[in-house]
Amino acid sequence: MTWLALTDHDDRRFSLRGLGSDKKDTPLLADDPRAMLTRGTIMFETRLSADGRPQVLFGYKTTHPWLRSLTFQAIPGGGVAMVQVQGKAITHAAIQHEDAGRTDVVRITYSWDSTAKWGRMTLEQPEDMQVVSVAVENPRPLSLDDIRDLMLGRGDQTFAPDMIFAALSNQIEPIGPMPTLLPDTPLATPLGYKNAGQLQRGDTVLTKSAGIVPVLQRVSRMVPARGSYQPIRLRAPYFGLQQDIIVSPDQRLVIDGPEVEYLFSQEAVLVPARHLVNGFAALNEPCGPTICYSQLLLPGHETMLAAGTALESLYIGRIRRNASHLQSSILHTFDRSSLPEHGRPGHHVLRWYDAIHLARQRAA
């Protein structure tokens, strides 16, 4: 898989050879306005207003030499609809967003294979394991002209203020659980610290409370370095770190101490890194258009030790029981019978308002 385009409110990038460190030696699509991308993925993140007002979030429209458009629209009641028009052919799909908060951030992933007449649109929320997908019947390919109109903002294109970023890949991108550590993150093992990217199935790691456990799998993925994938630098000596490490916003840290027991009646809690960003202990890390994350799958979702601090390993819940979600995930290449089942996380996971309150208490 290769990310070809990335758009946000500050920058628009498109390359036929791919973006960032994943750039190829040769073009992945012919440099011809009529060249067709018959298989790919459009991913974007946006804020959905709680009042559910209808608005076009992202899309393009052209009438030359014939009518073509692709639009994603927020719909009343919460949710997103997709409409693709090519001449007289119309493709449509809608996905609802239940229990929307005041202003929720959602990730929409639209994947298609027009040759196989297969398509899928998925809605996910950062910090939430829930995945909601709908089928898209008979999706149409995108021409190179279409891609440039959509991703580079040519002609009649919309990129609403509520949008965070949008990206285009030439492959079907996975959904569901994602890796959250840089490959060079040092993890404690019986033989000392080793980089996460060096560990393989059958290796062992030291955990916070379960001793030595085996690595079941290591997963990696290249993603757009924007939105809920924007890397965060956790700085030493905060959080007990011996050196700085860089993680994704969804990486959860185990935090304990008297403030935790007082505020939450828990010995320890899990806090997503996104809620720790404060300008000194944790801050957004400048990055190129893409970034590669890795993570380890452990038998019981044990807590790893990374450069001196306790971090959550990959949490997959009971995904092995759902064949369609498993097939769509980053775990699809692994033997289903070899995957563990993870119950609830070992510690209470703080929401953003609790995490901010805890950070203020610690700073006081």
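A: Two strands pair if DSSP finds at least two bridges between them, and strands (E, at least two residues) and helices (H or I, at least four) are DSSP runs numbered from the N terminus. This is a predicted model, in which local features need pLDDT of at least 70, side-chain atom pairs count only at pLDDT 80 or more, and totals for chains, interfaces and linings use all residues. Residues are numbered from 1 along each chain as its sequence is written, and side-chain values use heavy atoms, with hydrogens and water left out.

Q: In what sense do β10 and β11 pair, and over how many bridges?

A: Strand β10 (residues 118-124) and strand β11 (residues 131-135) are antiparallel, with 5 bridges. M121 stands opposite V134 in β11. The hairpin of β10 and β11 has 6 residues between the strands, and E127 there takes a positive phi near 75 degrees.

Q: How many disulfides does a search of the whole structure find?

A: A disulfide is a pair of cysteine sulfur atoms within 2.5 Å. The search of the whole structure gives 0. For C287, the nearest cysteine sulfur is that of C292, 11 Å away.

Q: Is C287 buried, exposed or partly exposed?

A: Buried means under 20% relative accessible area, exposed over 50%, and partly exposed in between (1.4 Å probe, protein chains only). C287 is partly exposed at 30%, and C292 is partly exposed at 28%.

Q: Where is I356?

A: I356 lies in helix α4 (residues 352-363). I356 is partly exposed, with a relative accessible area of 31%.
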